[in-house]
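Dear colleague,

Here is the structure I said I would pass on. My notes on it follow below.

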Amino acid sequence: MTLKSWIDEVASANGDGKSEAIRETDRRQREAEADKILYAARDEVMAGGVFYFTLETQAAEAAVNQVYKEILDGGSDLAELHVACARWVNVARTKPA
């Protein structure tokens, strides 16, 4: 238990009171949840059988990527990823005019 006590007491560089080990665990949990959302969206696109590669699709993918990175950095929430992924699925399935 001495090691756990020491880890819990380690001051973080950004002053949030969490040790590096705890922050890394939190990051991995966020990443796992974000991966589930992202892979579900990917599976939904694939199940549709058609993927339209357009500028709008590229923009939607960039938005998903940005939100994903923000989640890993602790600056965004999973609801935002759900929204970004839903938009990506929608535009990927929408036939260009």
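Contact here means heavy atoms within 4.5 Å. The model is a predicted one.

Ser 76 sits in the loop that links helix H3 (55-72) to H4. Setting aside neighbours within four places in sequence, Ser 76 is in contact with Val 67, Glu 70 and Ile 71. Ser 76 has a relative accessible area of 12%, so it counts as buried, the cut-off being under 20%. Its side chain also makes a polar contact of 3.2 Å with the side chain of Glu 80.

Next, the pairing of two helices. The axes of H2 (residues 20-48) and H4 (residues 78-93) come within 10 Å and cross at roughly 15 degrees. H2 is therefore roughly parallel to H4, as angles under 35 degrees count as such. The crossing of H2 past H4 is right-handed. On the H2 side, the contact is made by Arg 30, Glu 33, Ala 34, Ile 37, Leu 38, Ala 41, Arg 42, Glu 44, Val 45 and Gly 48. H4 contributes Leu 78, Leu 81, His 82, Cys 85, Trp 88, Val 89, Ala 92 and Arg 93. Sorted by class, the contact of H2 with H4 has eleven nonpolar, two polar and five charged residues.

Glu 33 lies in H2 and is partly exposed, with a relative accessible area of 35%. The C-alpha atoms of Glu 33 and Ile 71 are separated by 9.7 Å, and the two residues are 38 residues apart along the chain. Ile 71 is also among the contacts of Ser 76.

Regards

Technical notes:
Residues are numbered from 1 along each chain as its sequence is written. This is a predicted model: local features need pLDDT of at least 70, side-chain atom pairs count only at pLDDT 80 or more; totals for chains, interfaces and linings use all residues. Side-chain values use heavy atoms; hydrogens and water are left out. Axes are lines fitted to C-alpha atoms, for helices over the stretch in contact, and angles run from 0 to 180 degrees between N-to-C directions. Helices (H or I, at least four residues) and strands (E, at least two) are DSSP runs, numbered from the N terminus. Angles under 35 degrees count as roughly parallel, over 145 as roughly antiparallel, 65 to 115 as roughly perpendicular and the rest as oblique. A crossing is left-handed if the near helix is turned anticlockwise from the far one by less than a right angle, and right-handed if clockwise. Ala, Val, Leu, Ile, Met, Phe, Trp, Tyr, Cys and Pro count as nonpolar, Asp, Glu, Lys and Arg as charged, and the others, Gly among them, as polar. Buried means under 20% relative accessible area, exposed over 50%, partly exposed in between (1.4 Å probe, protein chains only). A polar contact is a pair of N or O atoms within 3.5 Å; within protein, one must be able to donate a hydrogen and the other to accept it, and residues adjacent in sequence count only if both atoms are side-chain atoms.
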